[in-house]
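Q: I have a new model on screen. How should I read it?

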Amino acid sequence: MNLPTKITVSRLVLVLLLILGLFLASLFPEAMSYTLGDSGILLTNLVAGIVFLVASLTDFLDGYLARKRNEVTDLGKFLDPIADKVLVDSALIYLAIPNPMQPGALRIHFLCLILMIGRDLVVDALRQVAASKGVVLAANWMGKAKTVLQMAAITLLFLNGWPFSYFDGAWPAWLHVTDFLVYLATAVSVLSGAVYLWQNRRALGVRKEG
């Protein structure tokens, strides 16, 4: 197992630790409800946000090293998207569920959650169809931009919008700076999925005109 693949595996371990930690926190909500000062950040969410951010950075690191060292492997290509999807989707689902210990916290709107996860399901289905025909579909730059925006938005949500919360804390619900970043991530996610489908429509048996 080469270094990039080891980093990918470490991301999977971090994802499992993140999910397990959030699950245990949900079993002891009163003991884990400590808020850091007037920031509105739960200690559990701060720790979860740090773990998520570190795991997100490994996503860029393993890909960079694999390309630079020419160590792209089938195992790495198999594990990398799994680690990414589990990391992002588990965080999205957690952040969409209202937390009784943090009633005023920023959340992800369920429509954004459905659109982002639904987009990934459609794209993954397209890749499976293409793979069954022996065709490998490469990711485009919009997909990478989507991933960056999602990870940035999720990190800010774990931090309850900090540091923007110092000036937009009194703004109407769903209209905070972090909310708009979530909307932007959702829009880019849907748009990148649509472009990806259009660019690779031949994999579905749809011929290009002309």
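A: Begin with confidence. pLDDT is the predictor's confidence in each residue, from 0 to 100. In this predicted chain, strand β1 (residues 35-36) has the lowest confidence, with a mean of 76. Helix α7 (residues 177-199) has the highest, at 93. Where pLDDT is low, the predicted coordinates should not be read in detail.

Q: What does the chain average in pLDDT?

A: The average is 85, and 93% of the residues score at least 70. This is a predicted model: local features need pLDDT of at least 70, side-chain atom pairs count only at pLDDT 80 or more, and totals for chains, interfaces and linings use all residues. Residues are numbered from 1 along each chain as its sequence is written, and side-chain values use heavy atoms, without hydrogens and water.

Q: How many helices and strands are there?

A: Helices (H or I, at least four residues) and strands (E, at least two) are DSSP runs, numbered from the N terminus. The chain has 7 helices and 2 strands. Their order along the sequence is α-β-β-α-α-α-α-α-α.

Q: What share of the residues is buried?

A: Buried means under 20% relative accessible area, exposed over 50%, partly exposed in between (1.4 Å probe, protein chains only). Buried residues are 42% of the 210 in the chain.

Q: What does the C-alpha trace span?

A: Along its principal axes, about 60 × 40 × 30 Å.
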